[in-house]
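Please look at the sequence and the structure first.

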Amino acid sequence: MLPSSPLSRRAMLGRTAYGIGGIALASLLQQQGLLANPALAGGAPQHFDLTPKPAHGFGQAKAMISMFMQGGPSHIDMFEPKPELAKLDGKDFPGEIKYDDAAGASREVMGPQWKFKPRGESGIEMSDLIPYMGSIADEMTLIRSMHTGVNNHGQSIYALLNGQIVGGRPTLGSWITYGLGSDNQDLPAYVALTDPRGLPVLGVDNFSNGWLPSVYQGTVVRSKEPRILNLDPPLSLKGEAQSRYLKFVQGLNREHADARPGESDLEARIQSFELAARMQTAAKEALDISQESEATKKLYGLDKPATEEFGKRCLIARRMVERGVRFVSIFTGNQTWDHHSNILTSLPKACAQVDQPAAALVLDLKQRGLLDSTVVHWGGEMGRLPVIQNRAGAKDRVTVGRDHNTYGFSMWVAGGGFKAGYAHGATDEFGHHAVDKVVNHYDYHATLLHLFGLDPKKLTYKRNGTEQVLVENPSARVVSELLA
């Protein structure tokens with residue numbers, strides 16, 4: 001029925017406000033990536049969980065422990081001998097240098113400051129700074145030609161952890177748990193062991209699930225006791241009372257979720273609540289290193305002040321993968337390895353904290369028959385330059401350091417199908433640029449996924465109608481030379 005008189009502006013807005021509001025809301029949701037995926041409309045809601053899932057093909061690796069040395073360990077002083085650079089010590093650098101901090105830069109060459117020698121039967125040369133890592137040379141693949149090419153911490157960390165130089169994306173641990181689930185439903189699939197000195201640069205982005213469902217995010221295990229808060233219920237809820245309460249809450253949660261199909265964040269929240277209840281027993285047992293033998297504790301350096309803290313976290317990591325946890329990240333503190341100055345004292349101190357525990361982790365996994373199925377990684381987001389930084393007019397080198405270098409640096413991996421007793425690639429004679437058998441971050445990711453039996457092109461997640469992947473660069477390759 002037509003109105004008897006023309007609509008006023010106020011009446012028109014009143015009658016159409018809900019429609020305009022709905023259009024505006026839909027527009028805002030679409031801009032923020034929160035609108036439901038049209039491709040899924042009318043289809044069955046997706047369900048995400050941590051139950052074990054089949055790989056795309058055979059994969060020797062079943063778990064991974066990553067020891068991330070944030071800041072940039074000096075490959076020139078630790079992992080890659082440079083005799084030509086040693087000859088140039090104190091002279092002007094003969095080529096072009098890509099500085100990150102031009103204000104503190106110089107052209108004065110600083111050769112390796114510690115002696116190198118062959119290690120193990122493989123004869124891989126490493127410096128005197130890391131004798132324990134040198135003792136496991138025959139178990140590792142030492143990659144001397146890593147490259148990200150984005151010369152600052154944040155971008156290079158993102159490149160190595162989520163495949164791109166920007167944040168907001170799922171990290172490697174999230175992708176692997178998304179692809180394979182977990183073999184233990186009573187512990188988190190993805191664990192982050194943080195440093196007592198604080199979170200690393202970028203904070204929780206280092207173990208973020210990005211836009212993957214939140215069930216795949218890293219679970220923080222604290223650096224000190226209690227390592228997981230609130231594991232024990234209050235006295236009023238212990239025993240049968242808690243069981244009845246949890247059963248009741250679970251029923252309410254499930255009714256709530258059933259009425260809202262496709263809400264993956266809600267489903268993940270419910271799963272995390274249920275996991276927390278199961279962890280009351282499982283996590284306490286997994287984190288209880290008092291059960292370990294005195295010989296094992298000594299192996300990890302728990303009897304020494306310098307190595308005790310990092311050693312405990314390495315030992316916990318082994319206990320986690322032993323119980324079916326898929327991915328464990330062990331982080332050093334914020335900028336622990338960022339030696340722009342005082343490298344002659346700071347680098348030995350940093351090495352002394354992690355050298356013995358890192359080697360012990362590999363040895364312990366091997367003696368328990370777990371190394372063949374567990375990838376162990378040690379490395380940072382960059383190396384250092386071959387020239388002095390921050391001399392500040394002093395004649396001696398007491399205060400000097402080295403600037404960032406993401407164009408060529410070293411890290412090592414062991415187990416899980418990687419070749420043992422092998423040094424791969426090289427930087428140029430100055431240690432600046434990777435020039436032989438270069439391994440880019442996306443090649444590294446493709447190789448890791450291959451060892452887990454995951455195809456980088458098939459490990460996808462549909463987001464806003466687009467198939468998202470960890471490895472986006474079309475030139476990425478599985479580095480077969482690294483494989484056993």
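## Lys82 and its partner

Lys82 is buried, with a relative accessible area of 8%; buried means under 20% relative accessible area, exposed over 50%, and partly exposed in between, with a 1.4 Å probe and protein chains only. Lys82 forms a salt bridge with Glu80, and their closest N and O atoms are 3.0 Å apart. A salt bridge here is a side-chain nitrogen of Lys or Arg within 4 Å of a carboxyl oxygen of Asp or Glu. Glu80 is also buried, with a relative accessible area of 3%.

## Basis of the values

The model is predicted: local features need pLDDT of at least 70, side-chain atom pairs count only at pLDDT 80 or more, and totals for chains, interfaces and linings use all residues. Residues are numbered from 1 along each chain as its sequence is written, and side-chain values use heavy atoms, with hydrogens and water left out.

## Other salt bridges

Side chains of opposite charge can pair when their charged atoms come close. By the rule above, the count is 29 salt bridges. One of them joins Arg119 to Asp128, with the closest N and O atoms 3.2 Å apart. Arg119 is buried at a relative accessible area of 9%, while Asp128 is partly exposed at 39%.

Asp364 and Arg318 form another salt bridge, at 2.9 Å from N to O. Asp364 lies in helix α11 (residues 343-367) and Arg318 in helix α10 (residues 305-322), so this pair ties together parts that are 46 residues apart in sequence. Helices (H or I, at least four residues) and strands (E, at least two) are DSSP runs, numbered from the N terminus. Asp364 and Arg318 are both buried. They belong to a network of salt bridges that links Glu285, Glu292, Arg318, Arg319, Glu322, Arg323, Asp364 and Arg368.

## Gln468

Gln468 sits in strand β19 (residues 466-469) and is buried, with a relative accessible area of 13%. Leaving aside residues up to four places away in sequence, Gln468 touches Arg169, Trp175, Trp211, Leu459, Thr460, Tyr461 and Arg463; contact means heavy atoms within 4.5 Å. Lys457 is 11 residues from Gln468 in sequence, and their C-alpha atoms are 9.5 Å apart.

## Whole protein

The protein has 12 helices and 19 strands. Of its 484 residues, 51% count as buried. Among contacts between residues at least 6 apart in sequence, 78% join residues at least 24 apart.

The protein exposes about 21900 Å², of which carbon and sulfur atoms supply 54%. Accessible areas come from the Shrake-Rupley method with a 1.4 Å probe; for residues, only the protein chains shown count as cover.
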